[in-house]
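Hi there,

Here is the structure I promised to pass on to you. Have a look at it first, and my notes follow below.

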Amino acid sequence: MSVTSMVVLGLSIALVLLLLGAFLATLRQDRKGRTSTPPPAVEVAPIETPMPAPVSVPGHAGTDYTDPRTIRVGDRIEVHGSPARVLGAMHISWQGHQWTEYLLRDASRRLQWLSVEVRAGDPPHLEVLLWNDVPTQGMIPAKSMLIMEGVEFFPIERGTAAFRSEGDTGNPDRGLLDFADYRASDGRLLSFERIQGSAWTASYAQPLPPGSISIVRRAS
């Protein structure tokens, strides 16, 4: 091999080694950069707490459940699943307000009054109350607070209303009734009534939620 060829071969090998060294240096620098520099943070959307289910709005009488205002004398109904028959009704009017009280007889032949009234409000609401007699022991409704069976009741309404009877109520066909309504601090209701100046009677009220009354069979 000539001297010239050996020189050329040596320079070629040196050039290859130089290029290889430069490549390795670049590769090491690239690896070092990747190790020391943390990868960019990936933005993760916060997890949102699911919204609570919408509160169900009150149903509508006549579409979602039986409208108690459509009860008629002679109907057979169910109150909280217990059967009862509507013996009579009293249609009452006082200072522009009207409501109806139905006399019920349940399977055990117990008599109860069911009152149905549209109460003022925004919007107006239907109030349905089931009344149970309580012994008055000669009590009369006071114009201030009174105590019944150890519970304090405070007056809310009183007056004299006109009524018209339908069916069997034990009362005259038409007349006047005095009433006095009270409420306890826990929401319990107490009402005194007397017909045509007779003795006072008293009863507690149990509010009935929508859908608790159903008409089983209509009067013929």
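Which strands each supply at least two residues of the lining of the largest pocket? They are β2 (82-94), β3 (97-106), β4 (111-119), β5 (125-134), β7 (151-167), β8 (174-184), β9 (189-195) and β10 (201-207). Strands here are DSSP runs of E with at least two residues, numbered from the N terminus.

Before going on, please note that this is a predicted model, where local features need pLDDT of at least 70, side-chain atom pairs count only at pLDDT 80 or more, and totals for chains, interfaces and linings use all residues. Residues are numbered from 1 along each chain as its sequence is written, and side-chain values use heavy atoms, with hydrogens and water left out.

Back to the pocket (on a 1 Å grid over the protein atoms alone, an open set of points where a 1.4 Å probe fits, with protein on both sides within 12 Å along at least five of seven lines; lining residues have an atom within 4 Å of a point). Its lining has 41 residues, and Glu 101, Trp 131, Ser 191, Glu 193 and Ser 203 lie nearest the centre. β4 gives the largest share, 8 residues.

Now to the pairing (at least two DSSP bridges between two strands). β2 pairs antiparallel with β3 over 10 bridges, and Ala 84 stands opposite Asp 106 in β3. The hairpin of these two strands has 2 residues between them, and Gln 95 takes a positive phi near 50 degrees there. β2 also runs antiparallel to β7, joined by 6 bridges, with Glu 166 in β7 as the bridge partner of Ala 89.

Enjoy exploring!

Conventions. Helix = DSSP H or I, 4+ residues; strand = E, 2+ residues; numbered from the N terminus.
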